[in-house]
Amino acid sequence: METQKIVERYTEEMTALRRHIHQNPEISNKEFQTTKLIKEKLTEYGIEIAEIGLTTGVVGILRGKTPGKTVAIREDIDALPMQELADVPYASKVEGVSHSCGHDIHTTTLLYCAKVLSELKDELHGNVMFLFQPAEEKGSGAKQMVECGFTKVLKPDVFVGLHVSPEYPAGSIGLKRGPANASCDMFHIKITGKGGHGAHPENCIDPVAISGFVLSQLQTVISRENHPVYPAVMTIGSIHGGKAANVIPDYVEMGGTLRSLNAESREAMQKAIERIVTSSAEAMRGHGEVNWEIGMPPLVNDGEVIDALRAAAEKTIGADHIITVQNPSLGSEDFSYMFPEFGPGAQFRLGSGNDVDPNTRHGLHNSKNVFDDTCLPVGTTVLVQFVRDFLQ
Ligand SMILES: [Zn+2]
Ligand SMILES: [Zn+2]
């Protein structure tokens with residue numbers, strides 16, 4: 001039977017399940033009830049659960065009729081620590097927590113991939129791994145799953161997944177070859193001087209003046225050092241020093257984020273930031289240091305996997321519902337800890353906006369955004385078709 005016909009039969013129950021998850025969101029690494037629900041559903045669908053020592057999150061395994069390759073489908077399950085302000089009857093029941101990144105849709109889509117593929121297992125030559133990932137919003141969940149060794153249970157030959165996109169209409173998907181999301185590193189700068197009376201700078205080393213200089217010099221990292229064809233962004237989002245107008249403080253602290261679509265330019269910019277901070281501070285008699293929180297690598301979609309997703313979508317939702325995405329996003333996505341390191345992969349965008357309700361267009365991480373959940377069968381259909389084609 002055609003994939004979309006099989007999936008369509010579940011549209012109503014998918015919607016109900018998604019709204020239930022939406023009403024009961026849980027923040028990163030606290031997805032206990034969501035994990036319990038996923039395990040119950042997978043067991044009901046006859047999916048094996050691999051115990052790899054995850055506190056939250058689930059790895060489900062479906063073995064087809066005969067041995068063969070393994071497709072890993074990965075979705076994230078966590079919510080955000082923000083109050084939902086969307087006016088929907090199924091709004092979050094948890095104060096200060098909401099699925100404003102649409103991971104409730106991701107979780108439901110993956111559960112129904114498991115259900116439908118389990119029904120189709122006699123036609124599959126190979127295996128499907130269902131990776132329900134915790135803590136994407138913290139940027140650590142994919143790494144946690146890798147460290148728990150899910151690739152040792154079964155070695156995936158390909159990774160696929162989706163992320164909702166309010167900018168595209170529900171019913172469509174967006175495909176982007178190559179770089180799709182940026183790497184994300186955080187850095188903390190401390191400029192130390194010598195504090196004292198504001199009337200006697202000659203007895204002090206002023207970290208505020210040094211910080212002003214460092215801040216402006218850092219702007220040259222992207223404008224003067226980074227290759228202009230490699231998109232990157234650096235933002236210093238916090239700067240704190242001193243408490244009184246007539247006191248020179250001992251130190252100033254700054255915090256920032258560095259994002260890049262290219263591994264080499266990322267490394268070069270990290271080095272440039274350190275060089276500028278330490279050398280500029282030294283030139284002004286102070287001391288500068290940088291501490292890094294190295295985050296996820298850029299997400300780079302494999303061209304062949306994107307082509308296979310396109311073929312699956314053409315067969316099911318039709319070519320006029322496929323959007324070729326031109327620009328990458330400088331936002332990050334920790335799926336990049338899984339591919340290409342453990343196999344080729346791609347993530348597509350699942351349209352969740354519509355032209356009737358402007359509230360569907362606010363965007364991700366916006367407390368008022370409404371996700372058009374008619375996208376549920378669309379995402380499930382494309383993923384199921386991809387697996388059917390890959391394991392034929
Ligand atoms: Zn998010
Ligand atoms: Zn997200």
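Here are questions and answers on the pockets and salt bridges of a predicted model.

Biologist: How much space lies in the largest pocket, and which residues are closest to its centre?

Modeller: The largest pocket holds about 470 Å³ of space. It has 25 lining residues. The closest to the centre are H163, N181, G331, S332 and L364.

Biologist: Which strand gives the most to the lining of the largest pocket?

Modeller: Strand 5 (158-169), strand 7 (178-181) and strand 16 (345-353) each supply at least two lining residues. One of them gives the most, with 4 residues. That is strand 5.

Biologist: How many residues in the lining of the largest pocket are charged?

Modeller: The lining has 9 nonpolar and 9 polar residues. The charged residues number 7.

Biologist: Which domains does the lining of the second largest pocket draw on?

Modeller: This pocket holds about 200 Å³ of space. Its lining includes K138, D185, E293 and Y337. At least three residues come from each of two domains: domain 1 (3-180 + 298-390) and domain 2 (185-293).

Biologist: How many residues in the lining of the second largest pocket are nonpolar?

Modeller: By class, 2 are polar and 3 are charged. The nonpolar residues number 5.

Biologist: How far apart in sequence are the parts that R266 and D185 tie together?

Modeller: R266 and D185 form a salt bridge, with the closest N and O atoms 2.6 Å apart. R266 lies in helix 8 (residues 263-283), while D185 lies in strand 8 (residues 185-192). The pair therefore ties together parts separated in sequence by 81 residues.

Biologist: Is R266 buried or exposed?

Modeller: Buried means under 20% relative accessible area. R266 has 12% relative accessibility, so R266 counts as buried.

Biologist: Which helices does the salt bridge between D389 and K315 tie together?

Modeller: The closest N and O atoms of D389 and K315 are 2.9 Å apart. D389 lies in one helix and K315 in another, so the pair ties together parts that are 74 residues apart in sequence. These are helix 10 (residues 376-390) and helix 9 (residues 303-316).

Biologist: Is D355 buried or exposed?

Modeller: D355 forms a salt bridge with R361. R361 has 32% relative accessibility and counts as partly exposed. D355 has a relative accessible area of 73%, and exposed means over 50%. So D355 is exposed.

Biologist: Which residues do salt bridges that share partners join into one network?

Modeller: The whole structure has 18 salt bridges. Some share partners and form one network. Its residues are R18, R19, D104 and D373.

Key
Residues numbered from 1 in each chain as written. Chains lettered and ligands numbered in written order. Predicted model: local features only at pLDDT ≥ 70, side-chain atom pairs only at ≥ 80, totals over all residues. Heavy atoms only, no water. 1 Å grid on protein atoms, 1.4 Å probe; cavity = no way out; pocket = protein on both sides within 12 Å on 5 of 7 lines; lining within 4 Å. Points joined across faces, edges and corners; volume = space filled by probe spheres on them. Nonpolar A, V, L, I, M, F, W, Y, C, P; charged D, E, K, R; others polar. Domains from an automatic or database assignment. Salt bridge = Lys/Arg side-chain N within 4 Å of Asp/Glu carboxyl O. Buried < 20%, exposed > 50% of the residue type's maximum accessible area, 1.4 Å probe, protein only.
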